[in-house]
Amino acid sequence: MKRQATAVWNGSGKEGNGHLTTQSTTLNQTQYSFNSRFAEGVGTNPEELMAAAHAGCFTMKLSFVLGAAGFTPESLETKCTITLEDGVITSSHLQLTAKVPGISPEKFQECAADAKANCPVSKAYNMEIGLEAELK
């Protein structure tokens, strides 16, 4: 399987702007700019997209890990925070809230750790990856 996206940029780094389009067109000429990345401008940015990719991948992987262990989650919600410091993406932090009927807290933590270590996006990111997993 291969997926693709296209970025177009016009102008200088600070005053220019661009747009992103994904193969599925979920992003279709979605605006991004210096302000949307480093200030509060309208549009998306690479770090936000990385956070969405990691949250989505981890959450889906956890669903599979839980299923293999004999549990069906009622709900899994993951917030991911990507940290950019001095021009370097240094970490990805996953914050999970889950409802999984019948699972012990220990088994839940084991499954969450497995998903964190083994989701394809975690494996691709060469940075610190944190996880807080809360069972409700």
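User: How many Å separate the backbone nitrogen of Glu47 from a polar atom of the side chain of Asn45?

Analyst: This is a predicted model, in which local features need pLDDT of at least 70 and side-chain atom pairs count only at pLDDT 80 or more, whereas totals for chains, interfaces and linings use all residues. Residues are numbered from 1 along each chain as its sequence is written, and side-chain values use heavy atoms, with hydrogens and water left out. A polar contact is a pair of N or O atoms within 3.5 Å; within protein, one must be able to donate a hydrogen and the other to accept it, and residues adjacent in sequence count only if both atoms are side-chain atoms. For the backbone nitrogen of Glu47 and a polar atom of the Asn45 side chain, the separation is 3.1 Å.

User: Is Asn45 buried or exposed?

Analyst: Asn45 lies in the loop between H1 and H2, where helices (H or I, at least four residues) and strands (E, at least two) are DSSP runs numbered from the N terminus. Its side chain also reaches the backbone oxygen of Ser36 at 2.9 Å. Buried stands for under 20% relative accessible area, exposed for over 50% and partly exposed for what lies in between (1.4 Å probe, protein chains only). With a relative accessibility of 10%, Asn45 counts as buried.

User: Which residues is Asn45 in contact with, leaving aside its neighbours within four places in sequence?

Analyst: Contact here means heavy atoms within 4.5 Å. With neighbours within four places in sequence set aside, Asn45 is in contact with Ser36 and Arg37.

User: At what N to O distance do the side chains of Arg37 and Glu47 meet?

Analyst: A salt bridge requires a side-chain nitrogen of Lys or Arg within 4 Å of a carboxyl oxygen of Asp or Glu, and the structure holds 2 of them. Arg37 lies in helix H1 and Glu47 in helix H2, so the pair ties together parts that are 10 residues apart in sequence. Arg37 is partly exposed at 35% relative accessibility, whereas Glu47 is buried at 7%. The N to O distance of this salt bridge is 2.5 Å.

User: Why is the pair of Phe34 and Phe38 described as it is, and by which word?

Analyst: Rings of Phe, Tyr and Trp (its six-membered ring) pair if their centres lie within 6.5 Å, and planes under 30 degrees apart count as stacked, over 60 as edge-to-face and the rest as tilted. Phe34 and Phe38 are 4 residues apart in helix H1, about one helical turn; Phe34 is partly exposed at 26% relative accessible area, and Phe38 is partly exposed at 48%. The structure holds 2 aromatic pairs. In the pair of Phe34 and Phe38 the ring centres are 5.0 Å apart and the planes stand at 45 degrees, so the pair is tilted.

User: How many Å does helix H2 reach from its first C-alpha to its last?

Analyst: Helix H2 covers residues 46–68, 23 residues in all, and its expected span is 1.5 Å times one less than its number of residues. Its buried residues, among them Met50, His54, Phe58 and Leu62, pack against several elements, including H1, strand S4, strand S5 and helix H3. Just after H2, Gly70 takes a positive phi of about 95 degrees. From its first C-alpha to its last, close to the expected value, H2 reaches 33 Å.

User: With the side chain of which residue does the side chain of Ser122 make a polar contact?

Analyst: Ser122 lies in helix H4 and counts as buried at 7% relative accessibility. A polar atom of its side chain lies 2.6 Å from the backbone oxygen of Lys116. The side-chain to side-chain polar contact of Ser122, at 2.8 Å, is with His54.

User: What pattern does the protein follow along the sequence?

Analyst: Buried residues make up 33% of the 136 residues, and the C-alpha atoms fill a box of roughly 55 × 30 × 25 Å, taken along the principal axes. The protein has 4 helices and 6 strands. Read along the sequence, these follow the pattern β-β-β-α-α-β-β-α-α-β.
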